[in-house]
Amino acid sequence: MNARYPFTAVVGMDDLRLALLLNAVSPAVGGVLVRGEKGTAKSTAVRALAELLPPVPVVAGCRFSCDPASPDPGCPDGPHDTAPAAERPARMVELPVGASEDRLVGALDFEKALAEGVKAFEPGLLAAAHRGILYVDEVNLLSDHLIDHLLDAAAMGSSHVEREGVSVRHAARFLLVGTMNPEEGELRPQLLDRFGLTVEVAASREPAQRVEVVRRRLAFEDDPAAFAARWADEESALRARIVAARERLPQVVLGDAALLQIAATCAAFEVDGMRADIVMARTATALAAWADRTEVDSQDVRQAALLALPHRRRRNPFDAPGLDEDKLDETLERFKGEEPQGDPDDEPEPDGPGDGGPDGGPGGGVPPQGEGPDTVPDAPADGAGPEAPGPGAPGAPAADSPASAPEPAARDTGAGSDAGSDAGSGSGSGERAAVAAAEPFRTKVLSVPGLGEGAAGRRSRARTEQGRTTGSVRPRGALTKLHLTATVRAAAPHQRARGRSGPGLVLRRDDLRQATREGREGNLVLFAVDASGSMAARRRMSAVKGAVLSLLLDAYQRRDKVGLVTFRGRDAALALPPTSSVDAAAARLEQLPTGGRTPLSAGLLKAHDVLRIERLRDPSRRPLLVVVTDGRATGGGADPVALAAHAARLHAAEGIASVVVDCETGPVRLGLARELARELGGTAVTLEELRADAIAGLVRDVQAARPARAGHSGQTAHTTRRAA
């Protein structure tokens, strides 16, 4: 077995290591979500944690790791009345992003169940992770149906497998640990709330610390066994400290004063539900046990808030996680030493002023939890390293604050407003500073027509593993979704010939039928946004950005990938390659300047090139092109209008579903955007019509006017009235 990188050899990452250790002390805390850029030792630290956990007593021979002190009465391998006890190391089970449903929850042998009436169940990863760690790398990329099973198991502490009337239940209580890179997309809110703690990590900007990281990693790769042996004493000491803290945990007292501070903090930050209060209480108790104390104090509550609340304060996917530490200190100071009142009507007024300042703790950082064997010798001791949580941590996107004074708003004067402003490299001498987006709104549903086979999502119709049953086919490979009626119908005519004599059916492999199901898929939504001078009037560009932001929010809710192409001046640029991170797209959109001519053909050609490359990478994900423009073409060649029409016909010839968001305003409209939509074989909607509550029309379908390639024929976007 290959040696794992020692937990105590991880340089820095104090908050990450503390959060993992608190879960080792008290698994009831509920797991850890580790957010951070790539290459920051997220996975390394999580995998190293398993080596520190104490052995687990189990019933010998039980595939579901029942506790011999209290075996599960419903265990499929039970009963365990006389089974001997055994010990095994704590497990860390990894859930791959591309795992199947049967790999996660387990698989039933349908042939045995139908022919012999026997429940032949093969346990999945949830059973293997029982009483251990379930680790999901890139958890934000996990499929929706797998997330649903994780949510059910995390909520009930058990897993239920139901297949055509055959049911199996087993215990599944585990420590859920996930890592993610926010650049690749955000996590579904329901699963986000299931993680007890969250930690933001970033690579150190201190040269000395980076040198130490490289030195240790190279030493480990040269001789893993020798490197692990060098850290064996520190690992043993830390393992003993975890065991001692676990034994001390039941003795820790969570007083009424600390409990009031917890409740007041959760109320002050307006977190949803009561799970945050419970997690904070458990975390503060674990912190006290870890620090060798038997009573929770204010510093424990503060540290618990910094770990348990940031991810619970997000209201939409564009909000950055974080916590206002000044507000936290003010709340803790205000309720310091107070006892909860018996009468609920005597609660303190939430709008009253605080009566104190900082409580004397370290300003702006995470309070230290005392020195221990897990301290890294070369880590900075000033507490201001890159691991400090909150919105000000290194690597967090800074707010846009243009230094130049805002220019006067340009008048929307028609087709000639962008002429003569594309000198130089194409950015245009008439460039205007970025303007803020208008308030987002609920949009109509834009969907790709036809039946796809892409990744599970919520936008367009597709053949999926989840959804309503629409028919049956002969299985290719292992049977996963049995169509019971079709199977019985296929086997029934042959029962006499096969000599059936008992109650069970005599089945052959050829009798089994796989259910075909129809659900929804996620699409690639590529935005091509006109940022030329004709769009530069501040009121118009603000409305356009608000519309695109609304569509991005809709894409987030429907599990789409998104990309952003912008065109202005003399050329077009790929502002954001296709990604699952809609908040990254929102950030690029917010910073988008305007000005210059309108190279509409360049924008369409750039979009065509992006979609061509993405089709090679992910051929099953169907694209939806959303062109946001007023339809004017004033740059890109001698005849920009003809060039734009030719570029549009390239998309139509390949059957790419498209929508043109017509941004033209004013009493006199040229209708150029609608002409562009006709060339694309798509649909045109105005900014007003894009709103879900704008008009009474239910469905608009415009069939593609040109032949489409096989498998994508007639892919014109549907616009439906259902709210996002």
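I looked up how far apart in sequence the contacts (heavy atoms within 4.5 Å) of the protein chain lie, and residues 24 or more positions apart account for 80% of those with a separation of 6 or more. I note that this is a predicted model, in which local features need pLDDT of at least 70, side-chain atom pairs count only at pLDDT 80 or more, and totals for chains, interfaces and linings use all residues. Residues are numbered from 1 along each chain as its sequence is written, and side-chain values use heavy atoms, with hydrogens and water left out.

I then checked burial, and 51% of the 724 residues are buried, meaning under 20% relative accessible area with a 1.4 Å probe, protein chains only.

Next I turned to cavities (sets of points on a 1 Å grid over the protein atoms alone where a 1.4 Å probe fits but cannot get out), and I found seven of 30 Å³ or more.

Strand S16 (524–530), helix H16 (538–557) and strand S19 (623–629) each supply at least two of the lining residues, and H16 gives the largest share, three residues; helices (H or I, at least four residues) and strands (E, at least two) are DSSP runs, numbered from the N terminus.

Conventions
Buried < 20%, exposed > 50% of the residue type's maximum accessible area, 1.4 Å probe, protein only. 1 Å grid on protein atoms, 1.4 Å probe; cavity = no way out; pocket = protein on both sides within 12 Å on 5 of 7 lines; lining within 4 Å. Points joined across faces, edges and corners; volume = space filled by probe spheres on them.
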